[in-house]
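User: I am new to reading protein models. Please take a close look at one part for me, the charged pairs, and then connect that part to what surrounds it.

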Amino acid sequence: MLSASFARWLSIVLSLAPVTLSAPTASSTEAELALNYLQSKWYNRTSGLWDSTGWWNSGNCLTAIGDLAAIDATVTGTAQDVFANTLVQAQKYNLQQLKVITPQFNMETFQGPNFPDTVQAAAVVNPKGFLNGYYDDEGWWALGWIQAYDVTKNQQYLQTAVNIFNDMHASPATPCGGIWWDKAHTYVNAIANELYLSVGAHLANRVASNKTFYLTTAQNQYNWFIKSGMINSKNAINDGLTTACANNKGTVWSYNQGVILGALTELSTATGNSSYRTLATNIANAAITALSDSNGILHDPCEPNCGADGAQFKGIFMRNLQILQKAAPNQAWVKFLVANGASIWAYDRDTSTNALSVVWSGPFVKPANASTQSSALDALIAAQAVGGGNYQKLAIASRGKAVLEA
């Protein structure tokens with residue numbers, strides 16, 4: 001019989017074996033092909049992260065893989081392998097990161113060791129437990145590990161999410177209520193507070209022994225959020241609050257419209273109260289109206305120069321819209337999800353590699369990276385989840401195909 005210590009050592013060694021990806025076949029879905037390129041091009045076995053993008057983006061890559069594994073058994077092995085490796089390796093990473101909010105309310109992340117002269121170099125931290133100096137980063141990783149748990153039922157992944165949530169819960173109160181964006185206490189924004197609500201609601205549906213705590217926390221956060229002023233008169237969510245605790249009228253980003261959809265869906269499930277989904281429906285429809293072009297394709301205002309942070313946003317909206325669609329079916333959303341997947345595959349893809357870029361209506365903007373790839377992958381997964389795919393057979397508006405250099 002193996003000793004407990006040897007068994008633990010063996011499990012770690014086995015987890016460090018090379019990732020095995022299924023070879024693409026003629027029957028591979030678009031999402032499978034996009035995942036294959038994401039993993040073969042950018043997944044770093046040693047760090048457990050995805051090269052060419054940032055720390056929080058890697059949390060979203062993890063979630064996307066879990067989302068696809070939940071609906072596509074052919075990628076289950078890859079997902080399980082990535083979960084196990086990333087859990088061990090990413091916590092060892094020497095994270096040197098500084099995040100700033102730009103005048104346009106986009107995020108810009110600077111990664112060490114080389115920083116521009118205009119910013120102060122950040123200290124190196126060990127992100128043990130997937131904790132760092134930004135509560136939104138922690139929320140992304142918590143949701144990633146919850147999805148890993150949903151796919152595998154591995155309690156270690158759920159406990160990792162619980163531990164992350166405990167750190168978010170420990171955020172000192174802001175003058176406006178809610179939680180801070182960062183541990184330096186510089187900003188109260190929508191995304192960190194939506195993620196706090198979402199993680200709490202998710203845990204309420206998964207940790208039965210402590211459901212009351214998670215549900216009460218999520219409901220209190222919801223009550224604060226809807227009164228915070230960040231949801232404007234058009235049912236769109238602005239980026240955050242001023243130092244006077246008023247809506248800062250910051251950019252309406254797709255991801256701020258997205259995370260709340262998944263959060264409210266989980267809260268509705270936890271309580272049996274459909275009114276949460278009603279608000280989610282209003283926000284989803286407002287976002288589609290505000291951020292889609294005449295062909296129904298989603299855009300963010302930063303395109304095509306969104307950086308690694310802004311390039312992640314749209315996929316987050318699509319992921320969470322699909323969660324809402326599953327709970328509250330809406331044929332208009334199905335059409336929207338499938339149309340975006342079709343457009344990505346037709347107009348935003350390097351056909352020689354299956355690399356995907358930032359402008360989903362096209363043209364393909366060089367270079368793609370793990371952020372653009374995983375964001376577009378989110379959209380392809382959402383489309384596959386509602387029955388989309390085989391996009392060459394779909395009737396979509398014809399647009400000229402070209403390639404842009406970013």
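**Charged pairs and their surroundings**

The count of salt bridges comes to eight. Keep in mind that this is a predicted model. Opposite charges on side chains can pair when the charged atoms come close. Let us take some of these pairs in turn.

Start with arginine 45 and aspartate 81. They form a salt bridge, and their closest N and O atoms are 2.7 Å apart. Where do the two partners of this pair sit in the chain? Arginine 45 is in the loop between strand 1 (43-44) and strand 2 (49-50), and aspartate 81 is in helix 4 (residues 76-89). They are 36 residues apart, so the pair links distant parts of the chain. Is arginine 45 buried or exposed? Its relative accessible area is 16%. Buried means under 20%, so arginine 45 counts as buried.

Next come aspartate 167 and lysine 183. Their side chains meet in a salt bridge, at 2.7 Å from N to O. Lysine 183 has 31% relative accessibility and counts as partly exposed.

Now move to glutamate 266 and arginine 206. The closest N and O atoms of this salt bridge are 3.1 Å apart. Glutamate 266 lies in helix 9, and arginine 206 lies in the loop between helix 7 and helix 8 (211-227). The partners are 60 residues apart, again linking distant parts of the chain. Glutamate 266 counts as buried, at 12% relative accessibility. There is also a network: salt bridges with shared partners join Asp67, Arg319 and Asp378.

Helix 3 covers residues 55-71. It has 17 residues and reaches 26 Å from its first C-alpha to its last, close to the expected 24 Å. Of those 17 residues, 15 are buried, so helix 3 is largely enclosed by the rest of the structure. Helix 14 covers residues 370-385. Its 16 residues reach 22 Å, close to the expected 22 Å. This helix is mostly covered, with 15 of its 16 residues buried. What caps the N-terminal end of helix 14? Asparagine 369 does: one of its side-chain oxygens lies 2.9 Å from the backbone nitrogen of serine 371. Just after helix 14 comes glycine 387, with a positive phi of about 100°.

Glutamine 257 is buried, with a relative accessible area of 1%. Its side chain reaches the backbone oxygen of tryptophan 253 at 2.9 Å. Beyond its neighbours within four places in sequence, glutamine 257 is in contact with Ala236, Ile237, Val252, Ile283, Ala287, Leu291 and Phe317.

Phe317 leads us on to the core. Nonpolar side chains tend to be buried together in soluble globular proteins. Here the largest nonpolar core has 119 residues. Among those with the most contacts inside it are Phe317, Leu261 and Trp145. Helix 7 (residues 190-204) gives the most to this core, with 10 residues. Tryptophan 145 touches a set of residues that includes Leu62, Phe83, Phe130, Tyr157 and Ile164, leaving out residues up to four places away in sequence.

Covalent links complete the picture. How many disulfides does a search of the whole structure find? It finds two. One joins cysteine 176 to cysteine 245, at 2.1 Å from S to S. This link is left-handed, with -85° about the S-S bond. Cysteine 176 is in the loop between helix 6 and helix 7, and cysteine 245 is in the loop between helix 8 and helix 9, so the pair ties together parts 69 residues apart in sequence. Cysteine 176 is buried at 18% relative accessibility, whereas cysteine 245 is partly exposed at 27%.

Cysteine 302 and cysteine 306 form a disulfide too, with sulfur atoms 2.0 Å apart. Their link is right-handed, with 95° about the S-S bond. Both cysteine 302 and cysteine 306 are buried. Counting bonded cysteines along the chain, the pattern is 1-2, 3-4.

Definitions and conventions:
Residues are numbered from 1 along each chain as its sequence is written. This is a predicted model: local features need pLDDT of at least 70, side-chain atom pairs count only at pLDDT 80 or more; totals for chains, interfaces and linings use all residues. Side-chain values use heavy atoms; hydrogens and water are left out. Buried means under 20% relative accessible area, exposed over 50%, partly exposed in between (1.4 Å probe, protein chains only). A polar contact is a pair of N or O atoms within 3.5 Å; within protein, one must be able to donate a hydrogen and the other to accept it, and residues adjacent in sequence count only if both atoms are side-chain atoms. Contact means heavy atoms within 4.5 Å. A nonpolar core is a set of buried Ala, Val, Leu, Ile, Met, Phe, Trp, Tyr and Cys residues joined through side-chain atoms within 4.5 Å. Helices (H or I, at least four residues) and strands (E, at least two) are DSSP runs, numbered from the N terminus. The expected span of a helix is 1.5 Å times one less than its number of residues. A salt bridge is a side-chain nitrogen of Lys or Arg within 4 Å of a carboxyl oxygen of Asp or Glu. A disulfide is a pair of cysteine sulfur atoms within 2.5 Å.
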